[in-house]
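Here are some notes for a colleague who is opening this structure for the first time. Please read them with the model in view.

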Amino acid sequence: MLSQLWKGINKKSFVITMIAVLVFIFLAEWVIHGVLLKGIYQETASLWRTEEQMKSMCIWMFIGYALLAKYFTFIYARGCENGGVGEGFRFGVLAGLLLSSGSFMWYAILPISLPLLWYWVAATMFEAIVAGMIAGAIYKKA
């Protein structure tokens, strides 16, 4: 059953694409959340773990990024027709819409500001679109 899921996937191209997507997501998350939104997070510090706690748990973030990169690349590889940056862009838009919908749920649960919600949505859309374009540029079916 699982072997059927991988049928038709170029494994070497998949791994290269997944690593490129992972590096991009990791760097983008650091810039967006660690630099650009740092001030907003400091305003709501009581909601988040301390910086020391987050550093001690960073392996969990890396696991999450790795899984996201793996499944993002897998879905792209299974669904791409011709490949290319344009197809990656379209995939990224759809993935971004799916992934950013979670921000609205977090807004309902956490007492965060409306601007932070929109920053999360914009950041998620940006990351998904660029990651999709990376996947489109790198992944080759055969």
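1. A crossing of two helices is called left-handed if the near helix is turned anticlockwise from the far one by less than a right angle, and right-handed if clockwise. By that rule, the crossing of α2 and α5 is right-handed, and so is the crossing of α2 and α7.

2. This is a predicted model, in which local features need pLDDT of at least 70 and side-chain atom pairs count only at pLDDT 80 or more, while totals for chains, interfaces and linings use all residues. Residues are numbered from 1 along each chain as its sequence is written, and side-chain values use heavy atoms, with hydrogens and water left out.

3. The protein chain has 7 helices and 0 strands, where helices (H or I, at least four residues) and strands (E, at least two) are DSSP runs numbered from the N terminus. Along its principal axes, the C-alpha trace spans about 50 × 30 × 30 Å.

4. α2 and α5 pack at an angle of about 135°, with their axes 8 Å apart; axes are lines fitted to C-alpha atoms, for helices over the stretch in contact, and angles run from 0 to 180 degrees between N-to-C directions. That angle makes α2 oblique to α5, since angles under 35 degrees count as roughly parallel, over 145 as roughly antiparallel, 65 to 115 as roughly perpendicular and the rest as oblique. In contact here (heavy atoms within 4.5 Å) are residues including Phe-14, Met-18 and Glu-29 in α2 and Phe-62, Tyr-65 and Lys-70 in α5.

5. α2 also packs with α7, at an angle of about 155° and with the axes 9 Å apart, which makes α2 roughly antiparallel to α7. Among the residues that meet are Phe-24, Glu-29 and His-33 in α2, and Trp-120, Phe-126 and Glu-127 in α7. By class, this contact has 15 nonpolar, 3 polar and 2 charged residues; Ala, Val, Leu, Ile, Met, Phe, Trp, Tyr, Cys and Pro count as nonpolar, Asp, Glu, Lys and Arg as charged, and the others, Gly among them, as polar.

6. The largest pocket holds about 1800 Å³ of space; a pocket is an open set of points on a 1 Å grid over the protein atoms alone, where a 1.4 Å probe fits, with protein on both sides within 12 Å along at least five of seven lines, and lining residues have an atom within 4 Å of a point. Of its 37 lining residues, Glu-29, His-33, Met-54, Met-61 and Tyr-65 are the closest to the centre. The lining divides into 23 nonpolar, 8 polar and 6 charged residues, and α5 gives the most, with 8 residues.

Key: Grid points are joined across faces, edges and corners, and a volume is the space filled by probe spheres set on the points.
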